[in-house]
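Here is a short briefing on one protein chain. Please keep the sequence and the structure in view while reading.

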Amino acid sequence: MLAQIEQGNAAATDELLPLVYEELRKLAAARLKHEKPGQTLQATALVHEAYVRLVDQASPQQWDGRGHFFAAAAESMRRILVERAHSKGRKKRSGDRLRFRIDDVDAAVNADIR
């Protein structure tokens with residue numbers, strides 16, 4: 001099936017996802033376990049984005065077998081997570097603001113004592 005995808009067979013890409021979905025989902029869950037708490041990306045979304053990157057390319061990929069495909073999928077997932085982490089630090093996403101815990105701030109009380 002991977003060879004058919006290499007040749008540009010669009011039907012093969014549709015047939016491949018159900019066959020590899022559970023394994024990709026396990027990979028995604030393992031990747032997300034190592035992320036900081038508060039990660040909003042779910043394993044399902046990570047699988048879908050990685051799969052699209054793997055099979056929906058202008059130039060078809062050449063796969064050296066099942067292991068190569070899953071290694072490429074894992075690498076794609078890692079890159080997606082890195083890109084998301086970088087985007088959180090950008091000014092567009094308020095990355096230039098200082099963040100601190102509210103518990104660390106001394107509250108100033110402005111009260112009239114008469």
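Helices here are DSSP runs of H or I, at least four residues long, numbered from the N terminus. By that numbering, E75 and R79 both lie in helix α4, 4 residues apart, or about one turn of the helix. The model is predicted. Its protein chain has a mean pLDDT of 77.

**Confidence**
- In the protein chain, 69% of residues reach a pLDDT of 70 or more.
- Among the elements, helix α3 (residues 43–55) has the highest mean pLDDT, 87.
- Helix α1 (residues 2–6) has the lowest, 70.

**Fold and surface**
- The protein chain holds 4 helices and 0 strands.
- Read from the N terminus, the order of elements is α-α-α-α.
- The chain has 114 residues, and 25% of them count as buried.
- Take the contacts between residues at least 6 apart in sequence: 58% of these join residues at least 24 apart.
- The chain exposes about 8800 Å², and carbon and sulfur atoms supply 50% of that area.

**Aromatic pair**
- A search of the whole structure finds 1 aromatic pair.
- F69 and F70 form this pair, with an edge-to-face arrangement.
- Their ring centres are 5.5 Å apart, and the planes make an angle of 80°.
- F69 counts as buried because its relative accessibility is 2%.
- F70 is buried too, at a relative accessible area of 11%.

**Salt bridges in helix α4**
- The whole structure has 4 salt bridges.
- E75 forms a salt bridge with R78, with the closest N and O atoms 2.8 Å apart.
- R78 and E75 both lie in helix α4 (residues 66–88), 3 residues apart, about one turn of the helix.
- E75 also forms a salt bridge with R79, and here the closest N and O atoms are 3.2 Å apart.
- E75 counts as partly exposed at 27% relative accessibility.
- R78 is partly exposed at 36%, and R79 is partly exposed at 47%.

- The side chains of R53 and E49 meet in a salt bridge, at 3.4 Å from N to O.
- Both residues, R53 and E49, lie in helix α3, 4 residues apart, about one turn of the helix.
- R53 is partly exposed, with a relative accessible area of 28%.
- E49 counts as partly exposed at 33% relative accessibility.

How values were computed
Residues numbered from 1 in each chain as written. Heavy atoms only, no water. pLDDT = per-residue confidence, 0-100. Helix = DSSP H or I, 4+ residues; strand = E, 2+ residues; numbered from the N terminus. Buried < 20%, exposed > 50% of the residue type's maximum accessible area, 1.4 Å probe, protein only. Contact = heavy atoms within 4.5 Å. Areas by Shrake-Rupley, 256 points an atom, 1.4 Å probe, with all protein chains shown as cover. Phe/Tyr/Trp six-rings, centres within 6.5 Å; stacked < 30°, edge-to-face > 60°.
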